[in-house]
Amino acid sequence: LTQGVCEVCAVPTTLAVETAAALDGEPEVLSLDAHTLDAILESIVRVGTAARIARRAIAYAEELRARIEAVQERVTDLPAPRVLAVEWLDPLFVPGHWVPEMFAMAGGSLVAGDVGMPSREISWDAVADTQPDVLVVMPCGYGLEAARREADKHASQLQMVAPGAVRRGRAYVVDGSSFFNRSGPRVADGVELLGGLLHPERFHEVDLPGRAEKWGPAIKAD
């Protein structure tokens, strides 16, 4: 198994193919190249089919789809807060691929980021006047503690682009590596987590500790 989404984050398809060619038995190389939520679920079926457990994989993909759609159904009647999601801070990157869909399914509207397209670099000035209601810091490949450290390191810039969100306690750091940056089954957990961040009044049951927490210059980790 290999991936074709990013040549920085993991072993790319080309290297996997070269390596497999040097092995005995000519193993099949299955490259996963999902850029949307639908494609992620299709990838699960592809893996299951290759492993000869297609029926189990189809059932699992349907279960994940049902969980994602259940979040969407719970927020359809609510106003969508405007969200600035940050996938890297130096330089500033906003999310692409499946992440904008995750925010939409959870009842939010990104001020920057394109569904199905690569994450892209953007200047701090370009988002300075967006006035997001919510700020979510989700550095690619970073867990919660590392995300908090990065947010603290760039506190002045984050306050500049999302002053209202920080002031109202609607700024968060999240475990991006586990729930957002990877094209796997935990995107369903990520959508549920976003439901709890964007609409806490509707998702009381969402467990945040260890996965997400409020961020602000004056907030210190325990």
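This is a predicted model: local features need pLDDT of at least 70, side-chain atom pairs count only at pLDDT 80 or more; totals for chains, interfaces and linings use all residues.

Visitor: How many bridges join strand 5 to strand 7?

Guide: 2 bridges join strand 5 (residues 92–94) to strand 7, and the two strands run antiparallel. Strands pair if DSSP finds at least two bridges between them, so these two count as paired. Residues are numbered from 1 along each chain as its sequence is written, and side-chain values use heavy atoms, without hydrogens or water.

Visitor: What makes strand 4 and strand 7 edge strands?

Guide: The open sheet has 3 strands in the order 4-5-7, with antiparallel pairing. Strand 4 (88–89) and strand 7 (120–121) each pair on one side only, and are its edge strands. Strands here are DSSP runs of E with at least two residues, and helices are runs of H or I with at least four, numbered from the N terminus.

Visitor: Why is His 154 called buried?

Guide: Buried means under 20% relative accessible area, exposed over 50%, and partly exposed in between, with a 1.4 Å probe and protein chains only. His 154 has 7% relative accessibility, and therefore counts as buried. The residue lies in the loop between helix 5 (144–153) and helix 6 (155–161). Leaving aside neighbours within four places in sequence, His 154 is in contact (heavy atoms within 4.5 Å) with Leu 89 and Asp 90.

Visitor: Is Arg 52 buried or exposed?

Guide: Arg 52 has a relative accessible area of 78%, so the residue is exposed. Arg 52 lies in the loop between helix 2 and helix 3, and has a positive phi of about 65 degrees although it is not a glycine.

Visitor: How do you know that the length of helix 2 agrees with its number of residues?

Guide: The expected span is 1.5 Å times one less than the number of residues. For the 14 residues of helix 2 (residues 37–50) that gives 20 Å, and the end C-alpha atoms are 20 Å apart, so the two agree.

Visitor: Why are helix 3 and helix 9 called roughly parallel?

Guide: Their axes, lines fitted to C-alpha atoms over the stretch in contact, come within 9 Å and cross at roughly 15 degrees. Angles run from 0 to 180 degrees between N-to-C directions. Those under 35 degrees count as roughly parallel, over 145 as roughly antiparallel, 65 to 115 as roughly perpendicular and the rest as oblique. Helix 3 is therefore roughly parallel to helix 9.
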